Amino acid sequence: MPEQKPWDDATGGGAISGAGAGGAMDLAMDEGTTLEKTPGGPEGTGPTGKPRSLWSDAWRDLRRNPVFIISGLVILFLVIISIWPSLIAGQDPLDCDLAKAQEGSQPGHPFGFDGQGCDVYTRTVYGARTSVTVGVLSTLGVSLLGGVLGGLAGFFGGAWDAVLSRITDVFFGIPVVLGGLVFLSVVTSSTVWPVIGFIVLLGWPQIARIARGSVITAKQNDYVQAARALGASNSRMLLRHIMPNAIAPVIVVATIALGTYISLEATLSYLGVGLKPPAVSWGIDISAASQYVRNAPHMLLWPAGALAVTVLAFIMLGDAVRDALDPKLR
């Protein structure tokens, strides 16, 4: 009778243990294969297992947000008709017939005619070009000027920051409408450039203050301090490490402000100091229709409605972008 080893079980436990080890190994191999076949990585990573950035997370959230989709489609439509208004309006907005003044809807003229006999539909379509042009160019100018000045003030601090802070305080104390009445009353041009210049002149302090605070927060992070310790230049730290992480609040504020700039242009044109005839603008049409609102309300309804929808679309877009870029709202 062979001698029984102390580690052997009388019932064949060694064989059982070997089988269990083999089963555990097979299970581990199956789990490893399953993990390799899994398309997505752990939470916070992309399909390849790499960490997702703020921008990729924001774009993923925006694609799932119905507010962003609806406002984006409306803005895309406005941009298209601003570039090619003849796609949906085949008439000349300055082609008027006094014999049809204040008449209502007719075949081929769904919005009726204004006080000068001009087609309200055509003028409403062509008015989108002015509003979108003023809003986009003003936002670009304000973001560029305010972002650069505010970013430099937040990064360098000292006397530069103190001087810029006092200048922004002065501009914040100027009423926008009153400033527009004073500034634009001496301008005789009927183009959009004086209005854009005025909006940039009074709009940059808001963006500058946002950019300054965002840069101050970003430059205190560990990766910026590490780059400084490794001898990175100021320009490299600004462009490579700080600005990509500080620009999100500027984008949010600028997107929301774009709708405000469109309404500001309409307000100044309504008061007679913004765009002037023969320019086509929703503000000009609203101003001309205000005295006929009882007899011909359609003259006021369509340009005012188009203005309201445009401003609302940009504000909704800005809110969606803010929700996507703000980590505190996740």
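Tutor: The torsion about the S-S bond of C96 and C118 is about 75°, so the disulfide is right-handed. The model is predicted: local features need pLDDT of at least 70, side-chain atom pairs count only at pLDDT 80 or more, and totals for chains, interfaces and linings use all residues. Numbering runs from 1 along each chain as its sequence is written, and side-chain values use heavy atoms, with hydrogens and water left out.

A disulfide here is a pair of cysteine sulfur atoms within 2.5 Å. The sulfur atoms of C96 and C118 are 1.6 Å apart. By that rule the count is one disulfide. C96 and C118 both sit in the loop between α3 (66-83) and α4 (120-156), 22 residues apart. Helices are DSSP runs (H or I, at least four residues), numbered from the N terminus.

C118 is buried, at 4% relative accessible area. C96 is partly exposed, at 34%. Buried means under 20%, exposed over 50%, partly exposed in between (1.4 Å probe, protein chains only).

Now the cores. A nonpolar core is a set of buried Ala, Val, Leu, Ile, Met, Phe, Trp, Tyr and Cys residues joined through side-chain atoms within 4.5 Å. The largest has 28 residues, and F198 and I199 touch the most other members. Helix α7 (193-218) supplies the largest share, ten residues. Leaving out residues up to four places away in sequence, F198 touches residues including F183, L184, L264 and L268. Contact means heavy atoms within 4.5 Å. Another core, of 25 residues, lies apart, with L62 and I262 among them.

Methods
Helix = DSSP H or I, 4+ residues; strand = E, 2+ residues; numbered from the N terminus.
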